[in-house]
Amino acid sequence: MAENKGARAKIQRFGSYLSGMVMPNIGAFIAWGIITALFIPDGWLPNADLAILVDPMIKYLLPLLIGFTGGRMVYDLRGGVVGAIATMGVIVGADIPMFLGAMIMGPLAGYLMKKFDGLFQAKIRQGFEMLYNNFSSGILGAILAIAAVKGIGPVVEGLNNLLASGVEAIINAGLLPLANIIIEPAKILFLNNAINHGILSPIGVDQAAEAGKSILFLLEANPGPGLGILLAFAIFGKGASKASAPGAAIIQFLGGIHEIYFPYVLMKPMLLLAVIGGGVSGVFTFQLFGSGLVAAASPGSIFAVLAMVPQGGNHFGVILGVLVAAAVSFAIAAVILKTSKAEDEDLSAAAGKMEEMKGKKSTVSGVLNQDQVEANRPAAEVAEDHKAEKVDKIIFACDAGMGSSAMGASLLKNKFKKSEINIDVTNKAINDLPGDVDIVITQKELTDRAKAKVPNAEHISVDNFLNSPKYDELVERLKK
């Protein structure tokens, strides 16, 4: 059992690493998608002068951002710079957008830069630090770029073509809907971002560059299966699961946070059949109507999905695919729930199981049973070394610095606004925490990492970002 947990954790970490290179740059992907959808000859507003942005962005900007992010994840800014230089080598050494090459060269370059500094940085004489820093990264970057042009680029291009050909063969054979037999259970294991942003999106961008759209962007982002599950619980569920399902459905379908329906499936593993059925039927419908998106829909909200439908991408087919997926998922889940002999579902236990599988507290599971979250913890228990006397900047920090920390920051901003407290509240990834932050709020599993990054700040630990008594304590303290 322990070995299984260890293997699962390693897979999750690897998946998180893949998606971590793409997710911070989703805005750039969306920008490229908007420009493509609007200004290409078949777009909504054809414009030859603006359409020239499309090709350089997909060939240079997006891979360079991924390579920089991958290198920075390994070795901060020095790793990011060398990662971008090395990525330029695979871009020049291939004739296709080098997303896969960037995901290889970025982290590799960052790792080599880190090892190089480990060997020589401590031996540099005082006063020569800048000279060493600039020339070491420049020399290593040049070597890696040359190697990428001559050897790595062509190899990665061949691998990329092989993967793309495999996907095209599956699509041509009409078997793409069966991919959801793997995708839907993988989502429940928290590999959704890895599958969507680490595998499907890079191949989908290549397809969208050629055809103007790709169905691959719809495989994981479809909010239909999760909506069907939650609607079934809202009608046929019992106890806490029935009461919480309507609110969870709004967050999942409109907000795009799919994680919120995972505990409902974990509570009754037979419901995997429902999400698989919904996913397969949804993709079949997308394929039947020739639907596709021009770029990744992130988060998986119905609004984000519809915003990425290009002209000719078939809005009707996309909406129908989402509705069919929701209907099939709902029908199967309804049968399972109605025939279940259990008197009541233990949603709290399922949320706990979800957090155990994820390896950390879930930022959305608190929504499912807010009355029970932190109920047994002392209100005064705060993980901090000291309290900041003067507070000008508060930052919520998490792994990616995106969805979960943003929700926490928004919640505290509202509390500050009601109490007329004028203090800057933002959210960032832990690795991006600035040295001048006064208070850092993290989930308790991440507090040690945050302390290591900014040891002079005050650190407050919470069980989840959506519901913690620490917020009210902080408000009262700052009001005084």
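1. Buried here means under 20% relative accessible area, exposed over 50% and partly exposed in between, with a 1.4 Å probe and protein chains only. The model is predicted: local features need pLDDT of at least 70 and side-chain atom pairs count only at pLDDT 80 or more, while totals for chains, interfaces and linings use all residues. Residues are numbered from 1 along each chain as its sequence is written, and side-chain values use heavy atoms, with hydrogens and water left out.

2. Overall content. The protein chain has 19 helices and 4 strands; these are DSSP runs (helices H or I, at least four residues; strands E, at least two), numbered from the N terminus. Of the 480 residues in the chain, 50% are buried. Contact means heavy atoms within 4.5 Å. Among contacts in the chain with a separation of 6 or more, 72% come from residues 24 or more positions apart.

3. Helix H12. This helix covers residues 272-288, which is 17 residues, and spans 24 Å from its first C-alpha to its last. That is close to the 24 Å expected at 1.5 Å a residue, where the expected span is 1.5 Å times one less than the number of residues. Its buried residues include Ala274, Val275, Ile276, Gly277, Gly278 and Gly279, and also Ser281, Gly282, Val283, Thr285 and Phe286. The buried residues of H12 pack against helix H7 (180-188), helix H9 (224-236), helix H11 (262-267) and helix H14 (315-339). Just after H12, glycine 290 has a positive phi of about 65°.

4. Aromatic pairs. Rings of Phe, Tyr and Trp (its six-membered ring) pair if their centres lie within 6.5 Å; planes under 30 degrees apart count as stacked, over 60 as edge-to-face and the rest as tilted. The whole structure holds 6 such pairs. In one of them, phenylalanine 29 and phenylalanine 99 have ring centres 5.7 Å apart and planes at 35°, so the pair is tilted. Phenylalanine 29 belongs to helix H2 (residues 26-39) and phenylalanine 99 to helix H5 (residues 99-120), so the pair ties together parts 70 residues apart in sequence. Phenylalanine 29 is buried at 4% relative accessible area, and phenylalanine 99 is buried at 1%.

5. A pair within H5. Phenylalanine 116 and phenylalanine 120 also form a tilted aromatic pair, at 4.9 Å centre to centre and 50° between the planes. They are separated by about one helical turn because they sit 4 residues apart in helix H5. Both are partly exposed: phenylalanine 116 at 29% relative accessibility and phenylalanine 120 at 37%.

6. The sheet. An open sheet of 4 strands runs in the order S2-S1-S3-S4 with parallel pairing; two strands pair if DSSP finds at least two bridges between them. The edge strands, S2 (424-429) and S4 (458-462), each pair on one side only. Neighbouring strands are turned by 25° against each other on average, direction ignored. Strand S1 (residues 393-398) is joined to S2 by 6 bridges, the two running parallel. Phenylalanine 396 stands opposite asparagine 427 in S2.

7. Around S4. Helix H19 (residues 469-479) lies across S1, strand S3 (439-443) and S4, at about 145° to S4. Axes are lines fitted to C-alpha atoms, for helices over the stretch in contact, and angles run from 0 to 180 degrees between N-to-C directions. Histidine 459 lies in S4 and is buried, with a relative accessible area of 0%. The histidine 459 side chain reaches the backbone oxygen of valine 454 at 2.9 Å.

Methods. A polar contact is a pair of N or O atoms within 3.5 Å; within protein, one must be able to donate a hydrogen and the other to accept it, and residues adjacent in sequence count only if both atoms are side-chain atoms.
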